[in-house]
Amino acid sequence: MRVVITGANRGIGLELARRYLERGDHVDAGVRNPESAHDLAALGKGASGRLRVLACDVVDDASVRAFAAALGDVPVDVLINNAGVMGKWLSLADLDFQDVTRTFDTNAVGTLRVTSALLPHLRRSSVRKVVNMSSRMGSIAENTDGGAYAYRMSKAGLNMATKSMSIDLRGENFTVVSLHPDWVKTDMGGANAPMSVEESVTGIMKLVDRLSRAESGGFYHFRGDPIPW
């Protein structure tokens, strides 16, 4: 398969790139600064040309268009919209609205930019899977703690985008889902997170492989359990 992964320079994105390459797939990794993606560059040395590291800033329209153009005319089987930010966790009285806007632009609108730009590539494949990395913190039904406005709103917005994309693309046999990777030990998740990157990625890949079109439009834990909106 050919897999496109945004935010692939660290954490879950980097481990996804590593594991897809290990099993023989082709990976196009989108990162903001390819020159500083040293861990990805190291993966490429043993990948026999199956890894491309390309510039992709998901909040920049021109960058996303250039990323899509750099892919050429290859078919993309799986798009994993992994790029994201946590945003600031501030009280309602102390919100930084520029940060709220930046977080929403990255996590929700960025997914739309990339998916829209890569539609021609996805349409060249018969697989046509789009996986949007969400969080159960974007579940309105499960929000019992409040707070985390920027992050929660951005992931709820991402989930709505997933649902709309699944409806708009269902006539073309796409599978579009939102996926919760669990609370993972990454730069974003922190050292206190209970889940290792390796365990999360193992589950993510198994789920992506077995996803069917009947599950399109859903919101799932990486083990496959549905999460309420």
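Angles under 35 degrees count as roughly parallel, over 145 as roughly antiparallel, 65 to 115 as roughly perpendicular and the rest as oblique. Helices α1 and α6 pack at an angle of about 60°, and they are therefore oblique to each other. The model is predicted, so local features need pLDDT of at least 70 and side-chain atom pairs pLDDT 80 or more, while totals for chains, interfaces and linings use all residues. Residues are numbered from 1 along each chain as its sequence is written, and side-chain values use heavy atoms, without hydrogens and water.

**Packing of α1 and α6**

- Helix α1 covers residues 11-22 and helix α6 residues 197-210, with their axes 10 Å apart.
- Axes are lines fitted to C-alpha atoms, for helices over the stretch in contact, and angles run from 0 to 180 degrees between N-to-C directions.
- Helices (H or I, at least four residues) and strands (E, at least two) are DSSP runs, numbered from the N terminus.
- The crossing of α1 and α6 is right-handed, meaning that the near helix is turned clockwise from the far one by less than a right angle.
- Contact (heavy atoms within 4.5 Å) involves Gly 11, Ile 12, Glu 15, Leu 16, Arg 19 and Tyr 20 on the α1 side.
- On the α6 side, the contact residues include Val 197, Val 201, Ile 204, Met 205 and Val 208.

- The twelve residues of α1 reach 17 Å from first C-alpha to last, close to the 16 Å expected at 1.5 Å a residue; the expected span is 1.5 Å times one less than the number of residues.
- Buried means under 20% relative accessible area, exposed over 50%, and partly exposed in between (1.4 Å probe, protein chains only).
- Among the buried residues of α1 are Ile 12, Leu 16 and Tyr 20.
- Gly 24, which follows α1, has a positive phi near 105°.
- Asp 25 lies in the loop between α1 and β2 (26-31) and is buried, at 7% relative accessible area.
- Apart from neighbours within four places in sequence, Asp 25 is in contact with Met 1, Tyr 20 and Arg 50.

**Helix α5**

- Helix α5 (residues 149-168) has 20 residues and should span 28 Å, which agrees with the 28 Å between its end C-alpha atoms.
- Its buried residues include Tyr 151, Arg 152, Lys 155 and Leu 158.
- The cover over the buried residues of α5 includes α4 (97-123), β5 (129-133), β6 (175-180) and β7 (219-221).

**Positive phi outside glycine**

- Ser 48 has a positive phi of about 55° and is exposed at 70% relative accessibility.
- Ala 148 has a positive phi of about 45° and is buried, with a relative accessible area of 6%.
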